[in-house]
Amino acid sequence: MHVFIAHAAIGGGANLVCTVLLLTLAKRVELGRPLGSILHLQLDNTTGENKNATVFGFLALLVHWGVFSEAVVFFMPKGHTFNLLDQTFGPLINAMKTEVMATMSDMLEMMHRVSYTSCSLAAA
(Lines give C-alpha, C1' and ligand atoms only; values in the text may rest on other atoms or scores of the structure.)
Protein backbone atom coordinates (compact mmCIF):
# COMPACT_ATOMS: atom_id res chain seq x y z
CA MET A 1 0.00 0.00 0.00
CA HIS A 2 1.22 3.49 -0.80
CA VAL A 3 0.12 6.48 1.25
CA PHE A 4 0.51 10.07 0.10
CA ILE A 5 -0.24 13.03 2.30
CA ALA A 6 -0.64 16.42 0.67
CA HIS A 7 -0.62 19.66 2.63
CA ALA A 8 -3.93 21.53 2.43
CA ALA A 9 -2.17 24.37 0.58
CA ILE A 10 -1.51 22.00 -2.33
CA GLY A 11 -5.18 21.20 -2.66
CA GLY A 12 -6.50 18.28 -4.66
CA GLY A 13 -7.66 17.90 -8.18
CA ALA A 14 -6.49 16.17 -11.30
CA ASN A 15 -2.87 17.30 -11.08
CA LEU A 16 -2.49 15.71 -7.65
CA VAL A 17 -4.15 12.50 -8.88
CA CYS A 18 -1.73 12.29 -11.82
CA THR A 19 1.28 13.07 -9.61
CA VAL A 20 0.33 10.39 -7.08
CA LEU A 21 -0.20 7.85 -9.87
CA LEU A 22 3.17 8.70 -11.43
CA LEU A 23 4.98 8.47 -8.07
CA THR A 24 3.33 5.12 -7.33
CA LEU A 25 4.32 3.68 -10.71
CA ALA A 26 7.87 5.03 -10.37
CA LYS A 27 8.21 3.44 -6.90
CA ARG A 28 7.06 0.06 -8.22
CA VAL A 29 9.66 0.25 -10.99
CA GLU A 30 12.34 1.32 -8.50
CA LEU A 31 11.52 -1.70 -6.32
CA GLY A 32 11.68 -4.03 -9.32
CA ARG A 33 7.98 -4.83 -9.27
CA PRO A 34 6.45 -5.40 -12.71
CA LEU A 35 3.75 -3.01 -13.88
CA GLY A 36 1.94 -5.42 -16.16
CA SER A 37 0.63 -4.55 -19.58
CA ILE A 38 -2.80 -3.21 -18.60
CA LEU A 39 -3.33 -0.49 -16.00
CA HIS A 40 -6.49 -1.02 -13.95
CA LEU A 41 -7.61 1.92 -11.81
CA GLN A 42 -10.51 2.08 -9.39
CA LEU A 43 -11.42 5.68 -8.62
CA ASP A 44 -14.09 7.72 -6.91
CA ASN A 45 -16.70 9.04 -9.30
CA THR A 46 -15.69 12.72 -8.94
CA THR A 47 -15.28 15.07 -11.87
CA GLY A 48 -13.00 17.47 -9.99
CA GLU A 49 -10.35 14.88 -9.24
CA ASN A 50 -10.73 11.74 -11.30
CA LYS A 51 -13.28 11.98 -14.10
CA ASN A 52 -11.75 14.70 -16.28
CA ALA A 53 -9.62 15.41 -19.34
CA THR A 54 -6.40 15.83 -17.33
CA VAL A 55 -6.50 12.35 -15.78
CA PHE A 56 -7.62 10.69 -19.00
CA GLY A 57 -5.00 12.63 -20.96
CA PHE A 58 -2.32 11.37 -18.56
CA LEU A 59 -3.58 7.80 -18.94
CA ALA A 60 -3.52 8.21 -22.72
CA LEU A 61 0.11 9.39 -22.49
CA LEU A 62 1.06 6.30 -20.46
CA VAL A 63 -0.43 4.14 -23.22
CA HIS A 64 1.12 6.28 -25.99
CA TRP A 65 4.57 6.04 -24.37
CA GLY A 66 4.22 2.25 -24.20
CA VAL A 67 4.18 2.04 -20.40
CA PHE A 68 0.88 0.13 -20.72
CA SER A 69 -0.94 -1.35 -23.69
CA GLU A 70 -4.22 -0.01 -22.31
CA ALA A 71 -5.70 1.68 -19.26
CA VAL A 72 -9.02 0.57 -17.79
CA VAL A 73 -10.80 2.83 -15.31
CA PHE A 74 -13.58 1.76 -12.97
CA PHE A 75 -15.57 4.40 -11.11
CA MET A 76 -17.01 3.56 -7.72
CA PRO A 77 -20.78 3.91 -7.34
CA LYS A 78 -22.26 6.56 -5.09
CA GLY A 79 -22.36 5.39 -1.48
CA HIS A 80 -19.61 2.80 -1.88
CA THR A 81 -18.57 2.84 1.78
CA PHE A 82 -19.15 -0.92 2.01
CA ASN A 83 -15.69 -1.27 0.47
CA LEU A 84 -12.99 -2.40 2.97
CA LEU A 85 -10.61 0.32 1.77
CA ASP A 86 -13.22 3.04 2.39
CA GLN A 87 -14.00 1.63 5.83
CA THR A 88 -10.31 2.01 6.68
CA PHE A 89 -10.02 5.65 5.61
CA GLY A 90 -12.74 7.08 7.89
CA PRO A 91 -11.02 6.08 11.16
CA LEU A 92 -7.64 7.02 9.68
CA ILE A 93 -8.76 10.56 8.81
CA ASN A 94 -10.44 10.98 12.22
CA ALA A 95 -7.25 9.88 13.99
CA MET A 96 -5.16 12.29 11.92
CA LYS A 97 -7.45 15.14 12.99
CA THR A 98 -7.38 14.28 16.69
CA GLU A 99 -3.95 12.82 17.46
CA VAL A 100 -0.68 14.70 17.84
CA MET A 101 1.98 13.24 15.59
CA ALA A 102 5.28 15.02 16.10
CA THR A 103 7.36 12.73 13.91
CA MET A 104 6.95 10.58 10.83
CA SER A 105 7.39 7.52 13.08
CA ASP A 106 4.43 8.71 15.19
CA MET A 107 2.30 9.05 12.08
CA LEU A 108 3.28 5.64 10.70
CA GLU A 109 2.57 3.98 14.06
CA MET A 110 -0.86 5.63 14.20
CA MET A 111 -1.63 4.60 10.61
CA HIS A 112 -0.67 1.00 11.31
CA ARG A 113 -2.67 0.88 14.54
CA VAL A 114 -5.77 2.50 13.06
CA SER A 115 -5.74 0.57 9.77
CA TYR A 116 -5.13 -2.75 11.58
CA THR A 117 -8.04 -2.09 13.95
CA SER A 118 -10.34 -0.91 11.13
CA CYS A 119 -9.53 -3.90 8.92
CA SER A 120 -10.06 -6.30 11.82
CA LEU A 121 -13.44 -4.77 12.64
CA ALA A 122 -14.56 -4.73 9.00
CA ALA A 123 -13.60 -8.37 8.50
CA ALA A 124 -15.53 -9.53 11.59
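# Briefing: helices, strands and selected residues

With a relative accessibility of 35%, A6 counts as partly exposed. That residue is a handy way into this model, which is a predicted one. A6 sits in the segment before helix 1, and the protein as a whole has 4 helices and 2 strands.

**Overall layout**

- Reading from the N terminus, the order of elements is α-β-α-β-α-α.
- The protein has 124 residues, and 22% of them count as buried.
- If you take the contacts between residues at least 6 apart in sequence, 62% of them link residues at least 24 apart.

**Helix 1 against helix 2**

- Helix 1 covers residues 14–30, and its axis lies 8 Å from that of helix 2.
- The two helices pack at an angle of about 30 degrees; angles under 35 degrees count as roughly parallel, and helix 1 and helix 2 are therefore described that way.
- The crossing of helix 1 and helix 2 is right-handed.
- On the helix 1 side, the residues that meet helix 2 are A14, N15, V17, C18, L21, L22 and L25.
- Their partners on the helix 2 side are T54, V55, F58, L59 and L62.

- A6 and L16 are 10 residues apart along the sequence, and their C-alpha atoms are 8.6 Å apart in space.
- T24 belongs to helix 1, and T24 is in contact with H2 and F4 once its neighbours within four places in sequence are set aside.
- Is T24 buried or exposed? T24 has a relative accessible area of 18%, and because buried means under 20%, T24 is buried.

- N50 counts as buried, at 6% relative accessibility.
- A polar atom of the N50 side chain lies 3.0 Å from the backbone oxygen of D44.

- V73 is part of strand 2, which spans residues 70–75.
- V73 and L43 are 30 residues apart in sequence, yet their C-alpha atoms are 7.3 Å apart in space.
- L43 is also one of the contacts of V73, alongside L41, F56 and L59, with neighbours within four places in sequence left out.
- P77 is found in the loop between strand 2 and helix 3 (84–98).
- P77 is partly exposed, and its relative accessible area is 45%.
- Computed along the sequence, P77 and N45 are 32 residues apart, while 6.8 Å separates their C-alpha atoms.

**H112 in helix 4**

- H112 lies in helix 4, made up of residues 104–123.
- Is H112 buried or exposed? H112 has a relative accessibility of 58%, and since exposed means over 50%, H112 counts as exposed.
- H112 and L92 are 20 residues apart along the chain, with 9.4 Å between their C-alpha atoms.

Conventions. Residues are numbered from 1 along each chain as its sequence is written. This is a predicted model: local features need pLDDT of at least 70, side-chain atom pairs count only at pLDDT 80 or more; totals for chains, interfaces and linings use all residues. Side-chain values use heavy atoms; hydrogens and water are left out. Buried means under 20% relative accessible area, exposed over 50%, partly exposed in between (1.4 Å probe, protein chains only). A polar contact is a pair of N or O atoms within 3.5 Å; within protein, one must be able to donate a hydrogen and the other to accept it, and residues adjacent in sequence count only if both atoms are side-chain atoms. Contact means heavy atoms within 4.5 Å. Axes are lines fitted to C-alpha atoms, for helices over the stretch in contact, and angles run from 0 to 180 degrees between N-to-C directions. Angles under 35 degrees count as roughly parallel, over 145 as roughly antiparallel, 65 to 115 as roughly perpendicular and the rest as oblique. A crossing is left-handed if the near helix is turned anticlockwise from the far one by less than a right angle, and right-handed if clockwise.
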